[in-house]
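Here is a short briefing on a ligand site and the pocket around it. Please keep the sequence and structure in view.

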Amino acid sequence: MASSNKIFLIGFMGSGKTTLGKELAKKLDKPFFDLDLEIEKAESLSVNQIFERHGEAYFRDIESKVLQVLIANNSNFVLALGGGTPCFNGNMDLVNSAGISIYLKYNAGILTSRLLNAKSERPLIRGLNKLQLKEFVTSKLEEREFFYDQATCCIEKASLMLVELIELLNL
Ligand code: S3P
């Protein structure tokens with residue numbers, strides 16, 4: 001696969017985009033950005049507060065704008081997107097025309113267990129019990145895979161090591 005200056009990590013909440021993104025960026029000596037963090041900086045509010053005060057539609061609007069600015073203002077990066085980013089406002093097309101996208105794929109069962117202890121900072125799953133979380137993840141994932149599947153490549157092996165990923169992508 002051809003190497004690219006802009007690498008986007010996509011996948012459901014809890015798929016490890018930020019953790020892997022930081023490691024990948026360090027390894028490739030590229031700047032790392034986390035889209036949620038950039039949104040929080042731009043709005044001076046946490047993602048939870050943005051959802052609470054302004055609602056999801058407003059968040060999606062800001063999310064796309066911050067994504068566009070990051071792409072326009074940087075020639076080189078690893079960027080971890082939010083779980084919903086690829087699914088709104090044509091963001092997936094924008095991402096794929098700007099660089100390489102990598103889908104970190106897990107099934108609903110694994111995502112549910114990874115998210116059980118990480119619900120509070122995520123407005124869409126706050127307050128759900130285990131059963132509700134499993135149902136939410138299963139149906140949202142089904143809906144979102146249409147977009148995730150448009151990624152340049154997909155990493156399905158949960159245990160895939162960074163070195164293998166770099167080899168796989170020929171970076
Ligand atoms: C969201 C995922 C979150 C964040 C927001 C909405 C989603 O990012 O953007 O809470 O719609 O899946 P992470 O995937 O980094 O948790």
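Residue classes come first: Ala, Val, Leu, Ile, Met, Phe, Trp, Tyr, Cys and Pro count as nonpolar, Asp, Glu, Lys and Arg as charged, and the others, Gly among them, as polar. This is a predicted model, where local features need pLDDT of at least 70, side-chain atom pairs count only at pLDDT 80 or more, and totals for chains, interfaces and linings use all residues. Residues are numbered from 1 along each chain as its sequence is written, and side-chain values use heavy atoms, with hydrogens and water left out.

**Pocket**
- The largest pocket has a volume of about 600 Å³ (the space filled by probe spheres set on grid points joined across faces, edges and corners).
- A pocket is an open set of points on a 1 Å grid over the protein atoms alone, where a 1.4 Å probe fits, with protein on both sides within 12 Å along at least five of seven lines; lining residues have an atom within 4 Å of a point.
- Its lining divides into 11 nonpolar, 10 polar and 10 charged residues.

**Ligand**
- The ligand sits in the largest pocket, meaning that more than half of its atoms lie within 2 Å of the pocket's grid points.
- The shell around the ligand holds 5 nonpolar, 3 polar and 5 charged residues.
- K17, D36, R60, R122 and R144 come nearest among the 13 residues around the ligand (a heavy atom within 4 Å).

**Polar contacts** (N or O pairs within 3.5 Å)
- A ligand oxygen atom is 2.6 Å from a side-chain N or O atom of R60.
- For K17, the corresponding value is 2.8 Å.
- For R144, it is 2.7 Å.

Technical notes: Polar contact = N/O pair within 3.5 Å; in protein donor to acceptor, adjacent residues only side chain to side chain.
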